[in-house]
Amino acid sequence: MARVLTLFLVSLLAAPATFAQTTPVTQDSIREVMNRVHGYLLTATPLRPVNGDTGAAVTLDTMPKNVALAKTVMHIDTYEWGVTYSGMLQATQATGDQRFKAYVNEHLSGLARMVAHMRANYPGVTFDTYPANASNTFSLKRMLFPQNLDDSGSMCAAMIKANNAGIPNLRPVFDVFVNWVKAKQYRLADGTFARNTPMPNTVWLDDLYMSVPCEAQIGQLNNDPRYYTDAIKQIKRFYSKMFVQGKDLYMHGWVESMSPHPAFHWARANGWAIMATVELLTVLPKDHPDRPFLISVLNEHATALRRMQAPSGLWHQLLDHPESYEETSSSGMYVFAMTRAINYGWLSRSTYAPVVMRGWNGLTTKVNATGQVEGTCVGTGLGWDDTFYLNRPTSVDAAHGYGPIFLAGSEIMFLLQRHPEVGGTSATPQSETAPEEPAITL
């Protein structure tokens, strides 16, 4: 027995370190990571208007009749970048550094000007008759004529947050997005947001984030509880169809005609769901009768995610497949959502602060010296076997990984501003109080 114990201890000492670093997390260290990512994005994702007919560079002050966007490393007008804009606005609040907001202002104000320009120059155009673009350009037609929730919901939420932060002239754009979510998106007979791909009447878990934050933000902006009502109904219906009791995780896709139904617990889809839940709770009136249900769902989900966290602090591509790779975008989403829940008193700080701190330390290992975010799964549709998800590649150009870094980092900064001891510093611990006062105003 002694020999076995000795060999076990030797193997532990010889094994590579797999646990997240225990280096104290400080506001300065978080700021450095976010600055590095911001610096990379300044060069990789500039706003560059071009002549849509020729591809020649133009300025916002010299736009031709047909204007488009030059191709950049990642799109700057898609749902992934809606998350990035939201994250940078929050980073400005957490750090006081106006460079993050300046990035959002330049991009969203520029896009709004370009959209208004195209609307004025092509008053009768439709999605199908929108002018063709030269190669190597990005068309703006999905901002003018969204075709699904991917085109509308995430950018809608980001633009309303930007509007609230004082960035002007965005309302004509986000009103189009709101109208798509409210009135045009396909739904099941019971009102659940759905798609007819890859099969008729398919529900994608991704669509919780592509709809609920937009409805939450416009409900608050317009003081219109009807948007809250629909957002809550969406979470309830997705939960009833897709939350797998026992595992307490969501399946990625649900098809009305499929039975029995396979369940694949794709990490990023679960990230979309938990982010949508906390985004709604953030703005939902404190006396709303459905708050207890939403907080209960959040706690169920977070409890399961806590069990699934890898020693590195990250989470796996398929949450219940520890042999699958550790995926960055979903890990950032969980750290953001759970930390906000701690900050607002929806999750226990004593239970979850170690989870999010370890998660943040894991995330920092995925931001390289250039500021690129590594280990992010590329865009992914629905699959009906686990091999589909296990074989999805990662890329530093997968735009889904960038916004969650800003969201997670800034939310942890809010936590450290009130409770520096959770970062592993020598500050005197403070007693836990619940619920806590909100740390942010987004």
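Please keep in mind that the model is predicted. Helix α2 packs against helix α3, and the largest pocket holds about 310 Å³ of space.

**How α2 and α3 pack**

- Two packed helices are described by the angle between their axes and the distance between the axes.
- Here, α2 spans residues 27–44 and α3 spans residues 79–95; they pack at an angle of about 135°, with their axes 12 Å apart.
- Angles over 145 degrees would count as roughly antiparallel and those from 65 to 115 as roughly perpendicular, so α2 is oblique to α3.
- The crossing of the two helices, α2 and α3, is left-handed.

**Who meets whom**

- From α2, the residues in the contact are Arg-31, Met-34, His-38 and Leu-41.
- On the α3 side, they meet Trp-81, Thr-84, Met-88, Ala-91 and Thr-95.
- By class, the residues of this α2–α3 contact are five nonpolar, three polar and one charged.

**The largest pocket**

- If you want to find the pocket in the viewer, look for His-75, Asp-77, Thr-78, Tyr-79 and Glu-80, which lie nearest its centre among the 18 lining residues.
- The lining of the largest pocket is made up of eight nonpolar, seven charged and three polar residues.

Technical notes. Residues numbered from 1 in each chain as written. Predicted model: local features only at pLDDT ≥ 70, side-chain atom pairs only at ≥ 80, totals over all residues. Heavy atoms only, no water. Axes fitted to C-alpha atoms, helices over the stretch in contact; angles between N-to-C directions. Helix = DSSP H or I, 4+ residues; strand = E, 2+ residues; numbered from the N terminus. Parallel < 35°, antiparallel > 145°, perpendicular 65-115°, else oblique. Left-handed = near helix turned anticlockwise from the far one by under 90°. Contact = heavy atoms within 4.5 Å. Nonpolar A, V, L, I, M, F, W, Y, C, P; charged D, E, K, R; others polar. 1 Å grid on protein atoms, 1.4 Å probe; cavity = no way out; pocket = protein on both sides within 12 Å on 5 of 7 lines; lining within 4 Å. Points joined across faces, edges and corners; volume = space filled by probe spheres on them.
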